[in-house]
Amino acid sequence: MAIAVFVVAAAMAIIGGVGVVTFHQPIRSVLSLVVVMLALSVLFLLLSAQFVFAVQIIVYAGAVMVLFLFVITLLGPARELGPGRLRFQTWLSILFVLVLLGLMYALFQGIEYRHPDQTDLSFFGTVQSIAIGLFTTYLYPFELTSILLLVAAIGAMYLSRKRIDDI
Amino acid sequence: MSTLNIGGSELDASWFLLLSAVLFVLGAIGVLVRRNPLVILISIELMLNAANLALVTFSRQLQNIEGQLFALMSMTVAAAEAVVGLAILVDIFRVRDVEDVDDLSELKG
């Protein structure tokens, strides 16, 4: 059963990923990315990461993608592009990236996994276990992310302000 | 090879890692080949998602919660990156239409 779920979700993720790269209209790329994120959230659930699953749907597929859609509708539809000046760049980059995929595949072949720390899977990945990690051992990095978000929010407001000489 | 027992059936951790590698590579192709700056940002999001999948897979394989915590942190970073990147794009588009990132190469010195 889990294998069928994995195969369907993986196929959806790969189809969505190909769609992100191949669609000409940016809005279709964004919607393909939403498909990828929903498929990945199913995989997170398979890997017993319930909290990451919920955050993936609410924050990523919900908030971040809606932000992308807002900006795309704000900027208007993109025009079709003709062939670029550096046409060989496409084939060269695809070649390099396929070599990268081959390297990663070769890496997985010789991999030796460490034996798992013996913990209870019924507790693993729940909100409680995430909170214990986030508010005890990793409290300092967790607080630093709030500063990161504050800086990003201030930066976005600064960049999108109305300039005095525009008026 | 390491099998994960999920709901009574045996799945291999390397399947998840291979899927993560394929998605990462698709995102890399998008960044290198596409010329619309918006699509490049979307492809970067795809690569970050692929990395998240690898983190959660290793977290499950080692039954160690730290991988999931790292995935949550990387989601935060991805959100911040998307916000700032889109704000920069909107600011550029206000001045002129950009359909190719190579049009913005005047600053390269």
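**Notebook: a look at chains A and B**

I started with Ala39(A), which has its place in helix α2 (residues 26–46) of chain A. Before going further, I noted for myself that this is a predicted model.

*Entry on Ala39(A).* Is Ala39(A) buried or exposed? I found 23 other C-beta atoms within 10 Å, so Ala39(A) is buried. Then I looked for its contacts, leaving aside neighbours within four places in sequence, and listed Ala9(A), Met12(A), Ala13(A) and Gly16(A). I also checked Ala39(A) against Ser29(A): they are 10 residues apart in sequence, and from C-alpha to C-alpha they lie 15 Å apart in space.

*Entry on two loop residues.* I went looking at backbone angles next. I located Ser48(A) in the loop between α2 and α3 (50–75) of chain A. Ser48(A) has 22 other C-beta atoms within 10 Å, so I put it down as buried.

In chain B I turned to Gln63(B), a residue other than glycine with a positive phi, near 50°. Gln63(B) sits in the loop between α2 and α3 of chain B. My count around Gln63(B) was 18 other C-beta atoms within 10 Å, so I wrote it down as partly exposed.

*Entry on helix α4 of chain A.* Helix α4 (residues 87–109) of chain A has 23 residues. I followed this helix from its first C-alpha to its last and got 35 Å, close to the 33 Å expected at 1.5 Å a residue. How many of the 23 residues of α4(A) are buried? The number is 1, so I noted that α4(A) lies largely in the open.

*Entry on where the chains meet.* I then asked how many residues of chain B are in contact with chain A. I got 66 residues of chain B, in contact with 69 residues of chain A. On the chain B side, the elements giving two or more residues are β2 (9–12), α1 (13–33), α2 (37–62) and α3 (66–95). Which of them gives the most? It is α3(B), with 22 residues. Sorting the residues on this side of chain B by class, I got 43 nonpolar, 15 polar and 8 charged.

*Entry on α6(A) and α3(B).* I wanted a closer look at helices that pack across the two chains. Helix α6 (residues 139–159) of chain A packs with α3(B) at an angle of about 10°, and their axes are 9 Å apart. With angles under 35 degrees counting as roughly parallel, α6(A) and α3(B) are therefore roughly parallel to each other. From α6(A), the residues making the contact include Leu148(A), Leu149(A) and Ala152(A); from α3(B), they include Val77(B), Ala80(B) and Val84(B). By class I noted 13 nonpolar, 3 polar and 1 charged residues in this contact.

*Entry on α1(A) and α2(B).* For my last pair I took helix α1 (residues 2–22) of chain A and α2(B), which pack at an angle of about 155° with their axes 10 Å apart. Angles over 145 degrees count as roughly antiparallel, and α1(A) and α2(B) are therefore roughly antiparallel to each other. I saw that α1(A) passes α2(B) in a left-handed crossing. Gly17(A), Val20(A) and Val21(A) make the contact from α1(A), with Ile42(B), Ser43(B) and Leu46(B) from α2(B). My tally for this contact was 4 nonpolar, 2 polar and no charged residues.

Definitions and conventions: Residues are numbered from 1 along each chain as its sequence is written. Chains are lettered from A and ligands numbered from 1 in the order in which they are written. This is a predicted model: local features need pLDDT of at least 70, side-chain atom pairs count only at pLDDT 80 or more; totals for chains, interfaces and linings use all residues. Two residues are in contact if their C-beta atoms, placed from the backbone, lie within 7 Å. Helices (H or I, at least four residues) and strands (E, at least two) are DSSP runs, numbered from the N terminus. Ala, Val, Leu, Ile, Met, Phe, Trp, Tyr, Cys and Pro count as nonpolar, Asp, Glu, Lys and Arg as charged, and the others, Gly among them, as polar. Axes are lines fitted to C-alpha atoms, for helices over the stretch in contact, and angles run from 0 to 180 degrees between N-to-C directions. Angles under 35 degrees count as roughly parallel, over 145 as roughly antiparallel, 65 to 115 as roughly perpendicular and the rest as oblique. A crossing is left-handed if the near helix is turned anticlockwise from the far one by less than a right angle, and right-handed if clockwise. The expected span of a helix is 1.5 Å times one less than its number of residues. A residue is buried if 20 or more other C-beta atoms lie within 10 Å of its own, exposed if 12 or fewer, and partly exposed in between; C-beta atoms are placed from the backbone.
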